[in-house]
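Please have the structure open while you read.

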Amino acid sequence: MRDIAVFSGSAHPDLAAEICEHLGVPLLPTRTSRFANDCIEVQLQANCRERDVFLIQPLVPPVQENLVELLFMLDAARGASAGRITVVLPHYAYARSDKKDAPRISIGGRLVADLLTTAGADRVLAMTLHSPQVHGFFNIPVDHLHALQEMARHFRGYDLSNTVVVSPDLGNAKEAAAFARLLGVDVAAGAKQRFADDKVVISTIIGEVADRDVIVLDDEIAKGSTVFELLDRLRERNVRSVRVACTHGLFAADAVRRLSEEKEIEEIVCTNTVPIPVRNRTDKLTILSVAPALAEAMRRIHNGESVSALFA
């Protein structure tokens, strides 16, 4: 069997190091330099020939810089005669660009998938894509993980006898229902309309939430516009408490501080798919690690074992 070789881009080296610790393999060095004309050059500083190469790089701000670095890493690995190249995408930012909802716009999720394939990716390992159809944008194998098990283990530490999981919109309702089943609780969903990136309206909540302990589940939180809008509807129904959970805690525009200042919100839970600066952390923020899940999926890919069995 081919040797395994794991490299990280500059987007989230801490997560890559934690994954390698669980795998019991070294994180191999990568050098990224910049020329005077602002072009970058990427060198994988370890042998790739006929090896099973994994490149770890979430697409987080600066997204375009990290995307180009990943494309260069792919091209370098392919040029170095790697046996197989797997892109590990803990966060695929362009998954939100999954449809043509306005005239004369590009479908970025599909375009970036094509770029990754053209640059040399043989397969992709992703975590909680924004919508299921993004999986179909790739014409190479995609293993799609979610962080529901990690979050369920965390929330089972609380009294869930009066709890309901609430999805902010109907698009995420299937994921919320699966999470509710893991916890053995009820599920509800908001009826949401989006008018701009930071402008949403939730007209009502479908399901019973009055006088309940609520866990709001979403795939990612950026500015928090959806959560704040949902919080207004939950207040109107006199919920008892609110905990907010998401896979990707992007927390742009000081969102985590603003959420923490809401007295109804007792806790904000996210995973480490994206780096969370110390300045964005508050006493209400809990960060769960997905490194063990990603490491196990990588091990199974390397050994030719089933990845879907992780969710059995």
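Two strands count as paired if DSSP finds at least two bridges between them. The model is predicted. In it, strand S6 (residues 84–89) and strand S7 (residues 123–127) pair in the parallel sense, over 4 bridges. Within this pair, Val87 stands opposite Val124 in S7.

**The sheet.** S6 and S7 belong to an open sheet of 6 strands. The order is S2-S1-S5-S6-S7-S8, and the pairing is parallel. Which strands stand at the edges? They are S2 (27–28) and S8 (142–145). Each has a single partner strand, so one side of each is left without a neighbour in the sheet.

**Helices on the sheet.** Helix H1 (residues 13–23) packs on the sheet.

| Helix | Strands touched | Angle |
|---|---|---|
| H1 | S1 (4–8), S2, S5 (52–56) | about 160 degrees with S1 |

**Helix against helix.** Two packed helices are described by the angle between their axes and the distance between the axes. H2 (residues 63–79) and H3 (residues 108–119) pack at about 25 degrees, with axes 8 Å apart. Angles under 35 degrees count as roughly parallel. H2 and H3 are therefore roughly parallel to each other.

Which residues of H2 and H3 meet? H2 brings Leu67, Leu70, Leu71, Leu74, Asp75 and Arg78. H3 brings Val112, Leu115, Leu116, Thr118 and Ala119. The residues of this contact divide into 8 nonpolar, 1 polar and 2 charged.

Conventions: Residues numbered from 1 in each chain as written. Predicted model: local features only at pLDDT ≥ 70, side-chain atom pairs only at ≥ 80, totals over all residues. Heavy atoms only, no water. Axes fitted to C-alpha atoms, helices over the stretch in contact; angles between N-to-C directions. Helix = DSSP H or I, 4+ residues; strand = E, 2+ residues; numbered from the N terminus. Parallel < 35°, antiparallel > 145°, perpendicular 65-115°, else oblique. Contact = heavy atoms within 4.5 Å. Nonpolar A, V, L, I, M, F, W, Y, C, P; charged D, E, K, R; others polar.
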